[in-house]
Amino acid sequence: MARNLDLTSLRSFVTVADLGGVTRASTALHLTQSAVSMQLKRLEEALGVGLLDRSARAIALTPAGEQLLGYARRMLSLNDEALSRLMDDGYEGEL
């Protein structure tokens, strides 16, 4: 059964990893803390693994989180590149 990873959840995950916390990530993403937390929870449930170690004061990535981070960065980069290219005003023509 094929499943898809939600890019919005991946963007939240990467932002939390980069900024070191849900509060900072929510500010950067212009979302509420609960929205970012919910996206992370859904992502963890979809994958069936924990991505963040919340036991310490600072958030740390689990081994699975470290592994996903590289994939997530590449997926978001491709997404952003495709949107940028296809939505650029200089890209016009007929098919």
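Contact, as the word is used in these legends, means that heavy atoms lie within 4.5 Å. The structure is a predicted model, in which local features need pLDDT of at least 70 and side-chain atom pairs count only at pLDDT 80 or more, while totals for chains, interfaces and linings use all residues. Residues are numbered from 1 along each chain as its sequence is written, and side-chain values use heavy atoms, with hydrogens and water left out.

View 1. Not counting residues up to four places away in sequence, Phe-13 touches Leu-40, Leu-43, Leu-51, Leu-52, Leu-61, Gly-65, Leu-68, Leu-69 and Ala-72. A nonpolar core is a set of buried (under 20% relative accessible area, 1.4 Å probe, protein chains only) Ala, Val, Leu, Ile, Met, Phe, Trp, Tyr and Cys residues joined through side-chain atoms within 4.5 Å. The largest such core has 15 residues, of which Phe-13, Val-16 and Leu-40 touch the most other members.

**View 2. The packing of H1 against H3.** Helices are DSSP runs (H or I, at least four residues), numbered from the N terminus. H1 and H3 pack at an angle of about 110°, with their axes, lines fitted to C-alpha atoms over the stretch in contact, 9 Å apart. This angle, on a scale from 0 to 180 degrees between N-to-C directions, makes H1 roughly perpendicular (65 to 115 degrees) to H3. Thr-8, Ser-9, Leu-10, Ser-12, Phe-13 and Val-16 in H1 meet Val-36, Gln-39, Leu-40 and Leu-43 in H3.

**View 3. Thr-15 in helix H1.** Thr-15, which lies in H1 (residues 7-19), is buried, with a relative accessible area of 13%. Beyond four places away in sequence, Thr-15 touches Gly-20, Ala-25, Ala-28 and Leu-29.

Conventions. Helices (H or I, at least four residues) and strands (E, at least two) are DSSP runs, numbered from the N terminus. Buried means under 20% relative accessible area, exposed over 50%, partly exposed in between (1.4 Å probe, protein chains only). Angles under 35 degrees count as roughly parallel, over 145 as roughly antiparallel, 65 to 115 as roughly perpendicular and the rest as oblique.
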